[in-house]
Amino acid sequence: MAKKQFKAESKKLLDLMINSIYTNREIFLRELISNGSDALDKLYYKALTSGDSGIKKNDFFIEIVPDKDLRTITIRDNGIGMTKDELETNLGTIAKSGSQIFKDDSALDASDTSSKDSPEAKAKKAIDIIGQFGVGFYSAFMVSDLVTVTSKSYSTDGKSSVNRWTSSGADGYSVEELPDSAFDMPSGTEIVLHLKEDTDGENFSTFLEDYTLRELVRKYSDYIRYPIKLGDDTLNTMEPIWKRQKSKVKPEDYNDYYKSKFGDYMDPVRVIRTSVEGVSSFTALMFIPGHTPFDYYSKDFEKGLTLYSSGVMIMERCPDLLPDYFNFVQGLVDSQDLSLNISRETLQQDRQLKNIAKNLEKKIKRELEDFLKNDREEYEKFFGNFGRQLKYGLYDDFGMHKDTLQDLVLFYSSTEKKLVTLAEYVERMKEDQKSIYYAAGESIDKIDLLPQTEYIKNKGYEILYLTDEVDEFVIQMVQDYKDKPFMSVLSEDMSQDETEEDKNRIAKAEEESKDLLEYIKESLSGKIAEVKLSPRLTGSAATLTNKGEISLEMEKVLKSMPMAESQAFQAERILELNPDHEVMSVMKDAYGDGTNDAGKEKVARYANLLYNQALLISGLPVENPVAFAQEINKLITDQK
């Protein structure tokens, strides 16, 4: 029996396919099972189009037989089989796909039918062959050093021969005819893999274990539509839950599927199922978890949906199907239209994949909007788990996702005393209110004690309390909502909301205290950018506000980061003084006309005390706690 050389260019090509195209050795079983499924699809099609009533789909099977003594794995199917010429054509020419040829031919045949209800048209619709590139078979050589393929092709007259293809790899192959007694099925194919010997780095023997084979079938081939047998057991479920009629799937069925497939102990809070027909046809089944995964905010967390092609698992995590801000969504996508590369293992970044991702994004957004509208209590729990990720999405890409996410985020309201949406805030705005007011801080209680919030609340305006470290960055990136700009109550720009009466009164007071204010600024040189009087202070003597893009709260967040460059960020601080507070009167008296050195020294000490006091109120650290304590001690002892 003469050995023949592969018709592909060289040993190097086969080596490349075996060692480079596939990165995971275990997928050999997926590929060979998929080939068997293709063969059964072809026979089913032939039987329908030829009217052969002797072929029944219920009789189809794929069988796996491990033999530890011989170190072999046998994969058998009773599908359409191959003739001697087809063995040479399909297996002797690398990247020659019999499935693709069959698919193309059947498409031509179906196009000749005059009725969409004809047996040919029904058969064409029923089959869905995934083997299109002809190299999946060669993944067998990743785990075996000898492969034999024995096949008997389907024939309506029963006259077909049994042939065997044998190869040990790139050295070539041989084909021989066998007696009919060598094959015990009317048609089909039997592939025998002779496993390589184990090495220090590779344990090929594991593929002979029943538990390994069961696990691989469940992982990659659970939804092949024909039974996959191991002994008397059927390993696969065959019918995916996402292909069952919705009316026949109970909520607990979805919950059980989610928990078993995604390793969760809690039911999902939302199940999203959608099917799309068109340029990119697909079915998606997605879940929103009921809690934050333990590694969610770590670098180990992997986003992405499981990707299937006609029920065969192609990628366990396909990150391109979800935007980062929806990365908490778990689930899967099943499509027969994706353009796969020749290994079926990674996706080309093509238009179809992007279309699917775009459709999924819109669907998830609609589902979350419905969740928010119709189940507010549960949505707020969900937001507690994943709201920060939605906020990161608003901040990311310079606010490009504003329209998608801004109606999904919640903030605590000073008037409602609960979480509210931006839309709800704007609906309640007073007629004379120009801005959406917010205040950022470590907690709701601390924000509520800020002198500036008291001023805004006294005017009857609602304030959004921002307690997540990302919140203020988000607000600055979004800038406005429904043409209403955001305004921090700690910002210098708040002065624009002062009444003309207040502005005139403060301008007059600042002119009268011009020299004193200049001296206070000089005393705090390097610490503040400006000293000014403010009508917004009622009970407090002093507070800090900021000017520019970096706020006091943002400064705290940035300085909590480990990067050295973050330490350089500092807000431009403004010390605001209450012109009506008794402290201001004491400082005026001490300063006098500015010629008394002892009085000026006292003003400098008071200025530092007020500045440190304002730092503490703002949640910022006192720069020199020892000096601050000494100043307080001196102040106390001076009262003797």
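## Strands 11 and 12

Strand 12, residues 312–318, is largely enclosed by the rest of the structure, because five of its seven residues are buried. The model described here is a predicted one. Strand 12 runs antiparallel to strand 11 (residues 305–309), and four bridges join the two. Within this pairing, Leu-307 stands opposite Met-315 of strand 12.

The two strands make a hairpin, with two residues between strand 11 and strand 12. One turn residue, Ser-310, has a positive phi of about 55°.

## Overall composition

The protein has 640 residues, of which 51% are buried. Its secondary structure amounts to 20 helices and 22 strands. When contacts between residues at least 6 apart in sequence are counted, 69% of them join residues at least 24 apart.

Strand 9 covers residues 270–276 and strand 10 covers residues 282–288; seven bridges pair them in the antiparallel sense. Val-271 is placed opposite Phe-287 of strand 10.

Ile-241 belongs to the loop between strand 8 (233–234) and helix 7 (251–262). Its relative accessibility is 5%, so Ile-241 counts as buried. Apart from neighbours within four places in sequence, the residues in contact with Ile-241 are Val-249, Asp-253, Tyr-254, Tyr-257, Arg-273 and Leu-285. For Ile-241 and Leu-285, which lie 44 residues apart along the chain, the C-alpha atoms are separated by 8.8 Å.

## Helix 2 against helix 6

Helix 2 (residues 27–50) packs on helix 6 (residues 210–220) at an angle of about 65°, and the axes are 9 Å apart. The two helices are therefore roughly perpendicular to each other. Their crossing is right-handed.

On the helix 2 side, the contact is made by Ile-27, Leu-29, Arg-30 and Ile-33; on the helix 6 side, by Leu-213, Leu-216, Val-217 and Tyr-220. By class, the residues of this contact comprise seven nonpolar, no polar and one charged. An α-helix has 3.6 residues a turn, so residues three or four places apart point the same way.

Six strands form an open sheet with mixed pairing, in the order 15-14-17-16-19-18. The edges are taken by strand 15 (419–420) and strand 18 (480–481), each of which has a single partner strand, so one side of each is left without a neighbour in the sheet. Strands of a sheet pair through backbone hydrogen bonds, either parallel or antiparallel.

Strand 18 runs antiparallel to strand 19 (residues 484–488), and two bridges join them. Here the bridge partner of Asp-480 is Pro-485 in strand 19.

Helix 14 lies across several strands: strand 14 (411–413), strand 16 (436–440), strand 17 (463–466), strand 18 and strand 19. Relative to strand 16, helix 14 runs at about 150°.

The buried residues are Asp-471, Glu-472, Phe-473, Val-474, Ile-475 and Val-478. Gln-479 follows helix 14 and has a positive phi, near 75°.

Helix 17 (residues 552–559) crosses helix 14 at roughly 120°, and the axes of the two come within 9 Å. Helix 14 and helix 17 are therefore oblique to each other. The crossing is left-handed. In this contact, Glu-472, Phe-473 and Gln-476 of helix 14 meet Glu-553, Met-554, Val-557 and Leu-558 of helix 17. The contact has four nonpolar, one polar and two charged residues. Glu-472 and Phe-473, which take part in the contact, are also listed among the buried residues of helix 14.

Key: Residues are numbered from 1 along each chain as its sequence is written. This is a predicted model: local features need pLDDT of at least 70, side-chain atom pairs count only at pLDDT 80 or more; totals for chains, interfaces and linings use all residues. Side-chain values use heavy atoms; hydrogens and water are left out. Axes are lines fitted to C-alpha atoms, for helices over the stretch in contact, and angles run from 0 to 180 degrees between N-to-C directions. Angles under 35 degrees count as roughly parallel, over 145 as roughly antiparallel, 65 to 115 as roughly perpendicular and the rest as oblique. A crossing is left-handed if the near helix is turned anticlockwise from the far one by less than a right angle, and right-handed if clockwise. Contact means heavy atoms within 4.5 Å. Ala, Val, Leu, Ile, Met, Phe, Trp, Tyr, Cys and Pro count as nonpolar, Asp, Glu, Lys and Arg as charged, and the others, Gly among them, as polar. Buried means under 20% relative accessible area, exposed over 50%, partly exposed in between (1.4 Å probe, protein chains only). Two strands pair if DSSP finds at least two bridges between them.
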